[in-house]
Amino acid sequence: MKNLEIFLRSTVFNILFFGVTAVMALSLLPTALLPRRVFMGVVWLWVRVVHGLERVILNLDYEVRGLEHFPRDRTVIIAAKHQSAYETFKLHILFNDPAIVLKRELLRIPVWGLYLSKIDPIAINRAERGDALRSLIAALDHVKDQHRPIIIFPQGTRVKYNATTTDKPYKAGVARMALQGNIPIVPLAMNTGLFWPKLSWIKRPGRVIFEFLPPIAPDGSAADIMQKLQHDIEARSNALMDEAREQSPWLPR
């Protein structure tokens with residue numbers, strides 16, 4: 001019975017989500033010509049509409065822990081686990097106006113790419129490893145002057161909740177970026193993949209947890225930084241998934 005309810009709620013949500021997104025993307029397209037400060041209001045409106053749909057239709061909400069580890073008076077690199085589209089819709093709620101590291105090819109998507117360009121991301125060419133690293137480092141001064149947090153997903157893409165770091169290893173670009181810019185890294189663990197799995201029609205009810213972990217200083221070697229970053233994110237994300245399964249028995253094991 002629970003599975004049928006989840007399927008029906010997911011179906012209603014998906015129809016409304018894609019419908020609302022399409023209508024807003026097309027009707028608000030002229031705002032892309034307005035100053036960025038004005039345009040960002042459209043972004044904040046859209047993510048809050050999506051969040052409202054999640055809460056009302058899916059009974060899905062989130063909780064944030066460890067905010068004491070996230071300094072708001074300086075630029076930091078947020079290195080986040082990436083299990084789901086869910087967290088991408090929360091970036092502008094959690095961080096207001098972050099500089100998001102993303103694939104350059106996303107900017108070529110009609111209409112959607114125009115919106116992405118306007119939020120001023122750090123776009124990298126993942127096909128060329130050296131080019132991607134140069135793009136990251138070149139963006140540092142620009143972003144630091146803006147006092148915006150930098151959001152990066154160290155595994156480079158969404159990973160299934162049960163994927164291992166052997167399946168999707170962490171990439172060292174985040175450590176080299178931290179060392180080059182003398183910027184601390186704040187790891188961000190989460191359990192989103194259990195509720196909103198990658199490429200799945202089904203969205204499950206419950207409470208997602210985002211947890212900021214103690215910062216990692218930009219000292220030592222890139223290898224040492226990556227080893228600690230990977231350990232901290234993976235260990236805590238796995239613990240958060242165990243906690244969610246205990247509280248919500250309908251989540252996948």
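Predicted model: local features only at pLDDT ≥ 70, side-chain atom pairs only at ≥ 80, totals over all residues.
In strand E4, the bridge partner of Leu-102 is Ala-123, and this pair belongs to the parallel pairing of E3 and E4, which runs over three bridges.

Seven strands make up an open sheet of mixed pairing, in the order E1-E7-E6-E2-E5-E3-E4. Its edge strands are E1 and E4 (122-124), each of which pairs on one side only, and neighbouring strands are turned against each other by 25° on average when direction is ignored.

Strand E7 (residues 206-212) is largely enclosed by the rest of the structure, because six of its seven residues are buried. With strand E1 (residues 60-65), E7 pairs in the parallel sense over six bridges, and here Tyr-62 stands opposite Val-208 of E7. With strand E6 (residues 185-190), E7 pairs in the antiparallel sense over three bridges; in this case Ala-189 has Glu-211 of E7 as its bridge partner.

**Helices on the sheet**

Helix H8 lies across E2 (77-80), E4, E5 (150-152) and E6, and runs at about 170° to E2. Helix H10 (residues 222-247) also packs on the sheet, where it touches E1, E2, E6 and E7, its direction making about 25° with that of E6. The buried residues of H8 (residues 173-181) are Gly-173, Val-174, Ala-175, Met-177, Ala-178 and Gly-181. In general, an α-helix has 3.6 residues a turn, so residues three or four places apart point the same way. After H8 comes Asn-182, which has a positive phi, near 55°.

**Pockets**

| Pocket | Volume |
|---|---|
| Largest pocket | about 1600 Å³ |
| Second largest pocket | about 190 Å³ |

The largest pocket is lined by 50 residues, of which His-82, Thr-88, Leu-102, Leu-106 and Phe-153 are the closest to its centre; Leu-102 is also the residue whose bridge partner in E4 is Ala-123. Among the elements that each supply at least two residues of this lining are H1 (2-27), H2 (36-58), E3 (99-103) and H8, and the largest share, six residues, comes from H1. By class, the lining of the largest pocket divides into 34 nonpolar, nine polar and seven charged residues.

The second largest pocket is lined by 14 residues, and those closest to its centre are Arg-72, Phe-95, His-147, Arg-148 and Pro-149. Its lining divides into five nonpolar, four polar and five charged residues.

Terms used. Residues numbered from 1 in each chain as written. Heavy atoms only, no water. Buried < 20%, exposed > 50% of the residue type's maximum accessible area, 1.4 Å probe, protein only. Helix = DSSP H or I, 4+ residues; strand = E, 2+ residues; numbered from the N terminus. Pairing = 2+ DSSP bridges. 1 Å grid on protein atoms, 1.4 Å probe; cavity = no way out; pocket = protein on both sides within 12 Å on 5 of 7 lines; lining within 4 Å. Points joined across faces, edges and corners; volume = space filled by probe spheres on them. Nonpolar A, V, L, I, M, F, W, Y, C, P; charged D, E, K, R; others polar. Axes fitted to C-alpha atoms, helices over the stretch in contact; angles between N-to-C directions. Contact = heavy atoms within 4.5 Å.
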